[in-house]
Amino acid sequence: MSDKTDIFDRLKQDHDDHRKLLEKMASTSGESEERADLLAQFTREVKSHAAAEEQALYSTMLRKPETTGETRHSVAEHHEIEEMLNDLAATDMSSSAWMSKFKDLRHDYEHHIDEEEEDHFPDFANYLTEDDIAHMRSVFDRRKEAEKDHAEVTPEKMEDAKE
């Protein structure tokens, strides 16, 4: 594992954990404790991961003109995913709408992380200096832990979300 890609391997490890949680959530049904627990776990993981990823990786990539567009795109998707998570939490788990919204969230989230892994990360690696790598490595895990303490399920229907 090269020094340049280990931060990306760390991010991918989280993504793989998120994929497993989505797989488990997909097999739940109705208003079950398991579904509620998995949604809470997924929400905490994704919100803390996204915040730490923005502070470690995307803050670095925004300073590089070549990657500003991709960076803004990903950060915008983070906000959309957070709104979808909040909307899902505000939806009755025993309703058919819950599974429909879950499937949309899963599709959009998996598309987002696939795009990061296949397109953005390899591109970003071309522009990173050793200092960038050291900075990102020190920031990511520390911020993720701090963010996890604050990340919570915040039910908010999509139509009530403030722009």
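I took a nonpolar core to be a set of buried Ala, Val, Leu, Ile, Met, Phe, Trp, Tyr and Cys residues joined through side-chain atoms within 4.5 Å, where buried means under 20% relative accessible area with a 1.4 Å probe and protein chains only. The model is predicted, so that local features need pLDDT of at least 70 and side-chain atom pairs count only at pLDDT 80 or more, while totals for chains, interfaces and linings use all residues. Residues are numbered from 1 along each chain as its sequence is written, and side-chain values use heavy atoms, with hydrogens and water left out.

I looked up the largest nonpolar core and found 18 residues, those with the most contacts inside it being Met25, Phe42, Leu85, Trp98, Phe102, Leu105 and Tyr109. Helix H1 (6-26), H2, H3 and H4 each supply at least two of its residues (helices are DSSP runs of H or I, at least four residues, numbered from the N terminus), and H4 gives the most, with six. I then noted another core, apart from this one, of 16 residues, including Phe8 and Met136.

For Tyr109 I set aside neighbours within four places in sequence and found contact (heavy atoms within 4.5 Å) with His15, His18, Leu22, Phe42, Val46, His49 and Ile81.

Definitions and conventions
Buried means under 20% relative accessible area, exposed over 50%, partly exposed in between (1.4 Å probe, protein chains only).
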